[in-house]
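Have the viewer open as you read.

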Amino acid sequence: MKIPFNKTYLTGDEEKYIHESLLSGQVSGNNQFCKKVLSMMNEKYGYDSAFLVPSGTAALEMGVVLADLQPGDEVIVPSYTFSSTVNAIVLFGAFPVFCDVDPKTMNIDYTKIEVLITPRTKMIMPIDYAGVPCDIDEIMEISNRHHLIVLQDCAQSYGSYYKGVPSGKKAHIAAFSFHETKNYSAGEGGLLINNVPEWHLRATFLQEKGTDRSLVINGQKNKYSWVDKGSSYLLSDLLAAVLYAQLHHEDEIKAKRAKLTEAYINLFKPYVINDTIQIFEPKDYVQLNHHAFWAIFPTLEEKLTFMNKLKEKEIYVYIGYIPLHSAPYGLKLGYKPEDVPITEDLGNRIVRLPFYTSLADEGLDYTIKNMKAILFEIYGF
């Protein structure tokens with residue numbers, strides 16, 4: 001049996017809704033399925049100023065423009081993240097100031113943020129690694145004290161909750177992803193959440209190539225004009241139709257993925273108790289969307305042994321992110337590996353396990369059985 005790292009899940013309704021969108025003759029952005037998806041999100045999570053965009057990357061970029069990030073500004077961001085997070089900063093001439101992570105979650109360590117603030121700091125950009133919401137209350141307190149903007153990279157946390165509040169609701173701006181690797185997929189797709197009411201109208205301009213076309217659609221003008229900078233931050237209605245099918249099965253998908261989390265926790269429990277292997281430790285007030293699962297091995301050699309032996313069984317795990325501060329472009333910006341030491345160390349020893357919805361239906365027992373045997377082979381218990 002072959003167990004890939006990721007596999008797209010289909011609910012069975014995607015083709016029907018794509019066909020319906022095609023027949024409508026209106027397949028560009030902000031048409032019927034975009035509106036249905038946004039209505040569904042607003043009803044479930046209270047996302048009332050929300051914008052479906054082509055990708056999580058586009059959501060980050062649109063958020064940076066909305067926050068008016070300027071050349072020379074600094075943004076405090078974890079080094080342990082995907083390149084899109086930091087590309088949204090450097091594309092607009094700002095500079096990423098890398099912050100270390102909390103080993104319990106691999107999210108930004110909020111206790112290390114304030115020492116990095118300078119007169120040039122404009123924004124904090126935390127991420128929700130593996131779908132676990134960051135310490136957003138503490139981050140917002142810091143931002144309020146220093147008059148900073150918080151753009152939360154929620155690419156992996158759609159459907160997670162922090163203290164009973166849906167992920168992305170507390171930051172000034174939040175960006176989600178619906179890439180094929182995410183719990184709910186449009187193939188490619190993203191979502192920008194704006195939580196600053198006075199920014200809503202401008203966000204509609206940015207999404208529509210810097211025009212006030214939204215005012216024409218709403219009947220407030222009879223023709224539209226170029227009024228701001230912007231881009232085509234619009235998700236095709238065809239992809240929104242796929243996402244609509246996925247979100248109609250959100251609770252079912254989350255329940256299946258919860259089985260994976262439970263199985264992996266039970267697998268590693270003896271090693272966690274023995275302080276041999278570390279797994280994520282979300283706070284009690286965090287409700288998971290079950291996006292991913294990671295484990296940190298004591299040494300790089302043990303991690304590689306685990307990965308290689310699994311590969312022999314056609315079970316494919318992943319190394320996680322290469323920390324951005326020590327990646328080629330991070331070095332070009334002037335960083336050295338030792339500048340963010342905790343991230344550098346943990347990033348070398350972390351493993352992401354296979355995590356996709358249909359694994360709950362087929363292959364989970366095979367995966368757990370082989371992982372258990374390999375762990376016993378390495379550690380003897």
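What follows covers a helix, the salt bridges, a surface patch, the cysteines and a few backbone details.

A word on ground rules: this is a predicted model, so local features need pLDDT of at least 70 and side-chain atom pairs count only at pLDDT 80 or more, while totals for chains, interfaces and linings use all residues. Residues are numbered from 1 along each chain as its sequence is written, and side-chain values use heavy atoms, with hydrogens and water left out.

**Helix α9**

Start with α9, which covers residues 250–273. Helices here are DSSP runs of H or I with at least four residues, strands are runs of E with at least two, and both are numbered from the N terminus. How far apart are the end C-alpha atoms of α9? They sit 33 Å apart, which agrees with the 34 Å that its 24 residues should span at 1.5 Å a residue. That expected span is 1.5 Å times one less than the number of residues.

The helix isn't straight throughout, though: α9 bends by about 40° at Leu267, and Pro270 follows within four residues. The bend is the angle between axes fitted to the seven residues ending at a position and the seven starting there.

Quite a few α9 residues are buried, including Ile253, Arg257, Leu260, Tyr264, Leu267 and Phe268. Buried means under 20% relative accessible area, exposed over 50%, and partly exposed in between, with a 1.4 Å probe and protein chains only. In an α-helix there are 3.6 residues a turn, so residues three or four places apart point the same way. Just after α9, Asp275 takes a positive phi of about 60°.

**Salt bridges**

How many salt bridges does the structure hold? There are 18, counting a side-chain nitrogen of Lys or Arg within 4 Å of a carboxyl oxygen of Asp or Glu. Here are three of them.

| Pair | N to O distance |
|---|---|
| Glu20 and Lys36 | 3.5 Å |
| Lys44 and Glu250 | 3.6 Å |
| Asp73 and Lys122 | 4.0 Å |

Take Glu20 and Lys36, which form a salt bridge. Glu20 is in helix α1 (residues 14–24) and Lys36 in helix α2 (residues 32–45), so this pair ties together parts 16 residues apart in sequence. Glu20 is partly exposed at 33% relative accessible area, and Lys36 is partly exposed at 30%.

Lys44 and Glu250 also meet in a salt bridge. Lys44 belongs to α2 and Glu250 to α9, so the pair ties together parts that are 206 residues apart in sequence. Buried or partly exposed: which is Lys44, and which is Glu250? Lys44 counts as partly exposed at 35% relative accessibility, whereas Glu250 counts as buried at 3%.

Then there's the salt bridge between Asp73 and Lys122. This one links distant parts of the chain, 49 residues apart, with Asp73 in the loop between α3 (56–66) and β2 (74–78) and Lys122 in strand β4 (residues 121–124). Asp73 is buried at 14% relative accessibility, and Lys122 is partly exposed at 21%. Salt bridges that share partners also join Lys44, Glu250 and Asp251 into one network.

**A surface patch**

Where does Tyr318 lie? Tyr318 is in the loop between α10 (300–312) and α11 (328–332), and it is partly exposed, with a relative accessible area of 41%.

**Cysteines**

How many disulfides are there? The count is 0, taking a disulfide as a pair of cysteine sulfur atoms within 2.5 Å. For Cys134, the closest cysteine sulfur is in Cys154, 7.0 Å away and too far for a bond. Cys134 is buried at 1% relative accessibility, and Cys34 is buried with a relative accessible area of 1%.

**Backbone details**

Most residues other than glycine have a negative phi, and most peptide bonds are trans. Asp68 has a positive phi of about 60° although it is not a glycine; Asp68 lies in the loop between α3 and β2 and is partly exposed at 32%. Met106, also not a glycine, has a positive phi of about 65°. Met106 is found in the loop between β3 (95–99) and β4, and is buried at 0% relative accessible area.

Finally, Ala155 and Phe176 are 21 residues apart in sequence but 4.0 Å apart in space, C-alpha to C-alpha. Ala155 lies in the loop between β5 (149–153) and β6 (161–162) and counts as buried at 18% relative accessibility.
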